[in-house]
Every structure is written in structure tokens, then in C-alpha cells.
Amino acid sequence: MPLMEPYRVKVVEPIPVLTRAEREAALARAGYNPFNLRAEEITIDLLSDSGTNALSAAQQAAGMVGDESYAGARSFYRFRAEVEGLTGYPHIMPVHQGRAAERILFATLLKPGQLSLSNTHFDTTRANVQLVGAVAVDLPCQEAADLDSEAPFKGDIDLAALTDALTGPDRDRVGIVLMTVTNNGGGGQPVSMANLTAVSRLCRQHGVPFYLDAARFAENAWLVTQREPGYAHLSPAQVARLAFDLADGAVASLKKDAIAHIGGFLAVRDEELAKRCELLLTATEGFRTYGGLSGRDLEILAQGLREVVQPDYLRSRAAATHHLGELITAAGVSIVRPAGIHALYLNAGRLLTHLAPGRYPGHALAMELYLAGGIRCAELGSLYLGEEDADGNLVKSAPYELVRLAIPRRVYTQSHLEYVAEVLAEIAKAPERVPGYRIVESPPLLRHFNCRVEPIR
Ligand code: F0G
């Protein structure tokens, strides 16, 4: 297979291209917060790879035969068979998106004061752990701290730290170990099968439930076939199955690796736990055969799960991200290395050395990408993770000032990605011209979604 997109385009959507003056006005109106922009003001949207994917003709066709019966719909059984075939889990509950699965699982499994241990919790996952009064603890591996290291599995959990947690004074508080594959909060880095195997063994030894956050299970499996000795001869679906085999169940946002717009699942082995989860599912999402989704959605998801494990698709997607990463690096902008698949993470702190963390260099670079090229993305730095005093001064900065370029599935072509690299290269020629930002309005919760900031001229 030559390295190109293994599909051709049948339906197109125009891309808005605004003038710089129009973008300046749009951004000022949005309070310099990318979440407040209207999609029609955006040329290339790299805010998220979640629910932003392009459906295949086969998915559209599957949607047409969706069975919209309230209970027992044919579409549910197709969905369940697909997820069961993929994961091997006997109890499968559809939900409207990943965070619903997290909420239901944690509310059923965790008690107040317990600990959830992870390579890194995604932010909604952390919030759902905290909502039941439990504590989310991230134990990323040592290699993850070195953004430039080419270590192949920087999404791994720190096994020594995990062993300490499972044997130390707080061992009785550990309620779950949750591995996020790939590790979205940690640079989109994959988790090795060796690491998952060790985690599984430790959890069995200490009687702790082990779950996967499998939002990007296929992309993780692909990187295992490419990077981990002993897996090159297996298909991505086979590797994914080996990973699911190691755990007691999984939560998954299917807005990512089912190449769809909405959906998720909660899957568990334990029948008694499944029954308790089903009660919450029915009370808060929908009856167990639809979980808040339409028959049409369930069909589209089932078909997407088939398509996402195709080697040609995964090879092309990984190559596209890698290509963009190389162009960006050549333009003098550092990325978290090595490139993963769903996103590239730009090291804005290293590019905008004239901006202290309190001037939010990650946010500044994200804003500049919009102003210069209509590219929308969001920072993962001190605006998102930092802490301010009452006067709005940053008192605790994030460990790194990053910007995530998340890449929707099957949506943008190589030339779109090359355009992104060109815009970034222009900015990198005179980074000192990029202004810093200050917060003018900061809500107490979920600040990055709702805050308003302004440039410091
Ligand atoms: N887990 C991971 C690893 C995620 O990346 C996300 C969502 C979720 C859980 C929650 O799933 O959105 O379906 O409720 N990530 C999106 C992103 C929002 O942009 O990375 P959800």
C-alpha cells in the first residue's frame, strides 16, 4: 500500500477562509478563548479528534438501517456483537459518550476516600473520580517527563510507583487502576503490552480491579505493532484483544476510535457489577439496549469499529501525523517526541522564550495560529493546569507549556496538514512578535472552557 489516504472523497464541505481582520474581530469577540469561536470562523479545526470524524459510505448506509425500537433493537445486538468480538467482555452497555461510562463505573465501583491510579487520567475521568469523593492519582513513567526523549512507550505507567502504591500504607484505599490507551493527557503516547501485562499481574496479585480507558485502543494497538518487539506479526485487532484480555473491563469514548460523532461503551466481566451499572445506566442514560444512543448511532459505531482496525487506515493516519510532526520540527518548533497518532503536542514554552508561564505561552501560540491561519487548537499549559491567586497572578505553573493539535479522523488531507505546518513555520520565524496574555475573567470551574483573556500589547 503506498503511503496515501486509503479512501477517496465522496461528500465535501466548504472550508471558511476569513481575512486576518475578520479573525481578529472574531477572536476579540470570543474573549480570546478558542472554545467561544464559531465553527464558521475556522479554517482548520484541530481543537479535538473527538466526534469530529468523517463517516464512511458504509457507516452512512449502516445508519439507514438503524432499528429505532425502544427496547431490544436489532442495532443494539449488532453493536454488542461487534464490541464483544473486539474486547471479549461479556457485559456491554452503550452510553452516549465516554464520560457517561466513567461516571457509571466509578459511582458503582469506588467509595469516597478511595484512590484511582492511572498512567494519566483524562480531565473528565479525573472529574468523575472526584465527583464520587475518590482521589485520582497519576503515575506516568519517568520517560514521559523528558519531552524530547524518543522512548517508544512514554504512555506507560511507572511500575515502581504503582507497586509502592499497592503495597504501601495506602494500599487498602486503592479502588481501581485505570490505564488510558493511548495516553491523551500525556502527549498522546502509547502504552506497551509489556506495561499492561505487568499492571494486570500486579492488580491480580493485590486484588485491585484493572480497567482500560480505551478511547484510542486501535491507535495504541497500531503503535504496539510498530514499536514493540514481538507484535509486528499481529493485526491491530489481535493486539487490541490481547490488551482487553488483561483487564477486568473498559470504558471507551467511541467518538474517537469508532470514527463516529457520538457514542461510548462500558464493558465489564463481572456479572454482579454489570447489573448494578445497568441500574444507573437505565436511570441516567437510557435502557440497556440503547444507553442514550439511537439505533442509527449504534449501527454507525459498529461499522466504525470494523473500519478503525484496518491496517491500511491506521498506517495512513499514523503516517499523516508523523509527516506533520516532521514538517513542524523542520520549521524549528519542538513537539513532544515521538509523534503519536491522534495529536501533536507543540512545545510552546521552548518557542516563545520571551513569555513567562504567567503570560501563557501555550495559549499565546494557539491564538497566533488562529490569527495567522484560522487554525483552531487549545493549549495544555498554565492556562489549563496552572493556579492563580485572588488577583489573577499565576502562582503555580504547569510542568510544560504545550499546545495540542488534535487531528480528526479522515477529515483533512495531506495538503491541509502541510498548510498547518506552513502557518506555524511563519510564526516560528519571528516568535518574539507573539504577545502574551492575561486572564480577565476566570470562572471557578473548568476555566479553560469558560475564561476570557486578553493580549498584552
Ligand atoms: N478518555 C479519554 C482518554 C479522552 O480523550 C476523552 C475525551 C474521554 C475519556 C471522554 O470521552 O468526550 O466521549 O466523554 N477526549 C476529548 C479530547 C474530549 O478532545 O481529547 P467523551
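Trainee: What should I know before I start?
Mentor: This is a predicted model, where local features need pLDDT of at least 70, side-chain atom pairs count only at pLDDT 80 or more, and totals for chains, interfaces and linings use all residues. Residues are numbered from 1 along each chain as its sequence is written, and side-chain values use heavy atoms, with hydrogens and water left out.

Trainee: How many cavities of 30 Å³ or more are there?
Mentor: Two. A cavity is a set of points on a 1 Å grid, over the protein atoms alone, where a 1.4 Å probe fits but cannot get out; lining residues have an atom within 4 Å of a point. Points are joined across faces, edges and corners, and a volume is the space filled by probe spheres set on them.

Trainee: What lines the largest cavity?
Mentor: The lining includes Val181, Met193, Leu196 and Phe244. Helix 7 (193-206), helix 8 (217-227) and helix 9 (236-246) each give two or more residues. Helices here are DSSP runs (H or I, at least four residues) and strands are too (E, at least two), numbered from the N terminus. The space is about 70 Å³.

Trainee: And how do those residues divide by class?
Mentor: Nine nonpolar, one polar, no charged. Nonpolar means Ala, Val, Leu, Ile, Met, Phe, Trp, Tyr, Cys and Pro; charged means Asp, Glu, Lys and Arg; the others, Gly among them, are polar.

Trainee: What about the second largest cavity's volume?
Mentor: About 60 Å³. Its lining includes His363, Glu379 and His448.

Trainee: New topic. In which sense do strand 3 and strand 4 pair?
Mentor: Parallel, over four bridges, with strand 3 at residues 115-118 and strand 4 at 135-138. Pairing takes at least two DSSP bridges between the strands. Ser116 stands opposite Ala136.

Trainee: Last one. Is Leu86 buried or exposed?
Mentor: Leu86 is buried, because its relative accessible area is 9%. Buried means under 20%, exposed over 50%, partly exposed in between (1.4 Å probe, protein chains only). Leu86 sits in helix 3 (residues 74-87).

Methods
1 Å grid on protein atoms, 1.4 Å probe; cavity = no way out; pocket = protein on both sides within 12 Å on 5 of 7 lines; lining within 4 Å.
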